[in-house]
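This report describes one protein chain, from its overall fold down to a single residue. Look through the sequence and the structure before reading on.

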Amino acid sequence: MAAQVLGPAAGCLGALGPKFAEESAEPFLVALRLCIFPLLEALGDFSAILAETAEIVLCRFCVATCDIARGLELGDLRRNSPTLAPSPTVRSLIAAHSDFLLDALVSRLRHAAWHPRTPLAVHAVLEYGGD
C-alpha cells in the first residue's frame, strides 16, 4: 500500500530535478496536484508508518515550494502561478491548495462507494490544516 501511494509522489519529486524551476513552476504544480490527495489519504491512515511517511513526503513538497520561491523572482511566481506560493508547513500547503482539495473532496464524497479512503483525507485535512 505504501509503495502504491508514496512511490509516485517520491517519483514526482525526483523526476522534477533542481533545474525545472528555471523554466516554469508549472511542472511542479501538476506533480503536486497529482500527488497531494493520495498523500492526504495516507496521512490520515491508521498505520503509523504510512502516515509518517506521507507526512515526510508532504514536508518535502513544502521544502520544494520554498526552493522554487527562492529560485524565481517573487513577482513572477505570483503572476504565473498564484497557487504556488512558498509553503513552509503542511498547513500552509493545504491552505494554498484548498480550492483544489475542496473540489476533490466533494467529488469523492459524492461517489463514496468508489473512494472508500476519502474520510482518511478529510481527517488529515482537519488535523493538519485546521486550527
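## Overall fold

How many helices and strands are there in the chain? There are seven helices and zero strands, where helices (H or I, at least four residues) and strands (E, at least two) are DSSP runs numbered from the N terminus. From the N terminus on, the order of elements is α-α-α-α-α-α-α.

This is a predicted model, in which local features need pLDDT of at least 70 and side-chain atom pairs count only at pLDDT 80 or more, while totals for chains, interfaces and linings use all residues. Residues are numbered from 1 along each chain as its sequence is written, and side-chain values use heavy atoms, with hydrogens and water left out.

Of the 131 residues of the chain, 39% are buried (under 20% relative accessible area; exposed is over 50%, partly exposed in between; 1.4 Å probe, protein chains only).

## Arginine 108

Arginine 108 lies in helix H6. Its relative accessible area is 23%, so arginine 108 counts as partly exposed.

Beyond its neighbours within four places in sequence, arginine 108 is in contact (heavy atoms within 4.5 Å) with Phe37, Glu41, His115 and Thr118. The C-alpha atoms of arginine 108 and threonine 118 are 6.6 Å apart.
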